[in-house]
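Notebook open, model loaded. I am jotting down what I look up as I go.

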Amino acid sequence: MAMKFIKLSSGNAEIPIVGLGTWRAQPEEVQNAVLVALEKGYRHIDTAFNYNNEDAIGDVLTKWFETGKGKREDLFITTKLPNFGNRPKDAERFLKMSLERLKLSYVDLYLIHMPFSFVCNESNFTPQINEDGTFRLDVDNDIVGTWKDVIVIPKSSNPVRIQANIDLFDFELTEDDMEELDALDKGEKGRIFDFLFFKGVEKHPEYPF
Ligand SMILES: NC(=O)c1ccc[n+]([C@@H]2O[C@H](COP(=O)([O-])OP(=O)(O)OC[C@H]3O[C@@H](n4cnc5c(N)ncnc54)[C@H](OP(=O)(O)O)[C@@H]3O)[C@@H](O)[C@H]2O)c1
């Protein structure tokens with residue numbers, strides 16, 4: 001398996017076009033998944049402050065570096081500013097917390113996780129919730145979110161599927177395959193991920209849907 005890369009427009013970094021997604025992977029599960037993925041040739045790991053698994057991932061990376069199988073510069077690590085930290089004054093401190101959890105001195109990509117913002121609960125770094133159960137919106141943020149779907153980060157904790165998800169460089173889709181895939185597109189009706197688990201988020205001016 002030879003990994004392919006995309007060069008960043010800055011010209012000084014390349015992103016492996018397949019990464020391991022880790023959202024909703026619990027700490028123990030993610031440790032195993034990251035280890036399996038590294039063994040199978042993944043060099044790109046996608047996490048976030050909000051996934052609460054940076055610490056577990058950091059432990060695995062530290063152990064992997066110690067084995068001598070790879071170095072920090074061989075990896076592309078992405079993490080994300082939480083949606084209660086979307087203010088210029090907060091970005092640095094949340095990045096530092098993520099680095100501490102990951103036991104790294106830098107990440108390769110630091111993303112704004114979501115364009116809308118909540119007020120931060122400083123006692124446990126979660127969004128503040130109003131008495132009616134809605135999330136306390138912070139509408140003073142100034143964020144323009146830009147997402148491009150050119151890199152895939154399939155989440156899996158299953159070794160067979162982690163392998164299957166990286167075996168994608170030895171075939172090409174035909175026009176018929178593409179037509180079949182396009183026919184699955186249900187447009188807006190097909191959206192299954194709408195962030196509405198953040199009760200009240202649709203009132204935020206930066207809510208994207
Ligand atoms: N969805 C989002 O809006 C979102 C937002 C921010 C970031 N992300 C990043 O993107 C990653 C992927 O997100 P997602 O929403 O696409 O993943 P997902 O739906 O959360 O997880 C993928 C699911 O597909 C299964 N799976 C993985 N490979 C498979 C295969 N080859 N065959 C059959 N089933 C397979 C996994 O189960 P097993 O683990 O059991 O294999 C898992 O249940 C996240 O983990 C995160 O890092 C996603």
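W23 has 13 C-beta neighbours inside 10 Å, so I log W23 as partly exposed.

Ground rules. This is a predicted model, so I take local features only at pLDDT of at least 70 and side-chain atom pairs only at pLDDT 80 or more, while totals for chains, interfaces and linings use all residues. Residues are numbered from 1 along each chain as its sequence is written.

**Confidence**

I checked pLDDT, the predictor's confidence in each residue, from 0 to 100. The protein chain has a mean of 89, and 94% of its residues reach 70 or more. A contact here means two residues whose C-beta atoms, placed from the backbone, lie within 7 Å.

**Overall build**

For elements I use DSSP runs numbered from the N terminus: helices are H or I with at least four residues, strands are E with at least two. I get 5 helices and 8 strands in the protein chain. Reading from the N terminus, the order is β-β-β-α-β-α-β-α-β-β-β-α-α.

How does the radius of gyration sit against the globule rule? I take the radius over C-alpha atoms, and the rule is 2.2 Å times the number of residues to the power 0.38. A compact globule of 209 residues would come out near 17 Å, and the protein chain has 19 Å, which agrees. Along the principal axes, the C-alpha atoms fill a box of roughly 50 × 45 × 35 Å. I find 27% of the 209 residues buried. Of the contacts with a separation of 6 or more, 71% join residues 24 or more positions apart.

Not counting residues up to four places away in sequence, W23 touches Y51 and K155. I also looked at W23 and P159: they are 136 residues apart along the chain, and their C-alpha atoms are separated by 16 Å.

**Helix α2**

I checked the length of α2 (residues 54-67) next. The expected span is 1.5 Å times one less than the number of residues. For 14 residues that should be 20 Å, and the end C-alpha atoms are 20 Å apart, which agrees. Which residues of α2 are buried? I list E54, A56, I57, G58 and L61. They pack against α1 (27-39), β4 (44-46), β5 (76-81) and α3 (88-102). After α2 comes G68, with a positive phi near 85°.

Most residues other than glycine have a negative phi. I noted K103, which is not glycine and has a positive phi near 55°. K103 is in the loop between α3 and β6 (109-112), and 15 C-beta neighbours inside 10 Å make K103 partly exposed. F195 is also a residue other than glycine with a positive phi, near 65°. F195 lies in the segment after α5 (175-182) and counts as partly exposed, with 15 C-beta neighbours inside 10 Å.

**Two exposed spots**

Where does V139 lie? I find V139 in the loop between β8 (126-127) and α4. V139 is exposed, with 11 other C-beta atoms within 10 Å. Leaving aside neighbours within four places in sequence, V139 is in contact with H204 and P205. V139 and S117 are 22 residues apart in sequence and 6.8 Å apart in space, C-alpha to C-alpha.

Terms used: A residue is buried if 20 or more other C-beta atoms lie within 10 Å of its own, exposed if 12 or fewer, and partly exposed in between; C-beta atoms are placed from the backbone.
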